Amino acid sequence: MRKISVIGIGAGDPDQLTVQAVEALRRVDVFFLLDKGTEKADLAEARHALLRRHLGDGRSGGGRPYRLVTLDDPERDRAADGAGYPGTVTDWRARRADRIERAFLDELGEDATGAFLVWGDPSLYDSTLAVLDEVLERGAVRFDHEVIPGISSVSALAARHRTGLNRVGAPVQITTGRRLADEGWPEGVDDLVVMLDAHQSFLRHTADDPLIFWGAYVGTTDEILVSGRLSEVAGRIVELRAEARARKGWIMDTYLLRREP
């Protein structure tokens, strides 16, 4: 039976791969890479560099021979909001599943091992596992799969700021910028990690003046870190975020908001 490894590769630093992840890489025959276009070409190149570092060039150098299969990642309507958002995501995942299903049938032998390299940890705000479940449910291709955990951007952010995610006996919640904007600060939570915040929802909470620990491109050579009272550093974060997005064409950032209990 075909085997699929979903391998967490950390937040960007190639040294963040676990020993388990490196060993999983060495068992792979075909790596499936989802191409997000020229705007994020440096993300694709980071994956290629990671493979060259741990496996050689795929043809020689003592590493296990492997192939790369690149799939065009379908476009998603990122303007969808409110009640229309879940349907947009469902449609996007279905189109992803179409392409992955076809690739498994065309590119992966029945006794071969394929893999997806997932930024951070596959279990945290990533769609790969849900898409693979959909492919399995369709029944056209059979495979077994494993998940190799990775260092998430949340863990990397806390480490780079030399802080914990929670305080003694207190909960921490991980949410999205969309939910923070729509629903506000969750009740009973003083430590709030926010991911996928395209609209800088932290700006709605400057009056509360929590601490913020913010990071963009964490674990890469482009890493930017800012921390302090939100009222004092919010403007600087907005400025840095705009500059980075204009320079690179995309941005991935995460932050921890911490208010006094």
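Predicted model: local features only at pLDDT ≥ 70, side-chain atom pairs only at ≥ 80, totals over all residues.
A salt bridge here is a side-chain nitrogen of Lys or Arg within 4 Å of a carboxyl oxygen of Asp or Glu. Residues are numbered from 1 along each chain as its sequence is written, and side-chain values use heavy atoms, with hydrogens and water left out.

Back to that first pair. D91 and R95 are four residues apart in helix 3, so about one helical turn separates them (helices are DSSP runs of H or I with at least four residues, strands are runs of E with at least two, and both are numbered from the N terminus). D91 counts as partly exposed at 42% relative accessibility, and R95 is partly exposed too, at 27% (buried means under 20% relative accessible area, exposed over 50%, partly exposed in between, with a 1.4 Å probe and protein chains only).

R138 forms a salt bridge with E101, the closest N and O atoms being 3.6 Å apart. R138 lies in helix 4 and E101 in helix 3, so the pair ties together parts that are 37 residues apart in sequence. E101 is buried at 14% relative accessibility, while R138 is partly exposed at 35%. The overall count comes to 21 salt bridges.

Now for the rings. The whole structure holds seven aromatic pairs (ring centres of Phe, Tyr and Trp, the last by its six-membered ring, within 6.5 Å; planes under 30 degrees apart are stacked, over 60 edge-to-face, the rest tilted). F31 and Y66 have ring centres 5.4 Å apart and planes at 90°, so this pair is edge-to-face. F31 sits in strand 2 (residues 30–35) and Y66 in the loop between helix 2 (41–55) and strand 3 (67–72), 35 residues apart. Both F31 and Y66 are buried. F104 and F116 make a tilted pair, 6.1 Å centre to centre with 55° between the planes. F104 belongs to helix 3 (residues 85–107) and F116 to strand 4 (residues 113–118), so parts twelve residues apart in sequence are tied together.

Zooming out, an automatic or database domain assignment divides the chain into domain 1 (2–148) and domain 2 (153–258). Their C-alpha centres lie 27 Å apart. Across the boundary, 13 residues of domain 1 are in contact with 17 residues of domain 2 (heavy atoms within 4.5 Å). The area buried between the domains is about 1200 Å², with carbon and sulfur atoms giving 59% (accessible area, 1.4 Å probe, that the two parts lose on being put together, summed over both).

How many salt bridges are there between domain 1 and domain 2? The count is one. K248 and D42 meet in a salt bridge at 2.6 Å, N to O. The charged end of K248 also sits over the ring of Y217, 5.3 Å from its centre (NZ of Lys or CZ of Arg within 6 Å of the ring centre and within 35 degrees of the ring normal). D42 and K248 belong to a salt-bridge network with D222 and R247.
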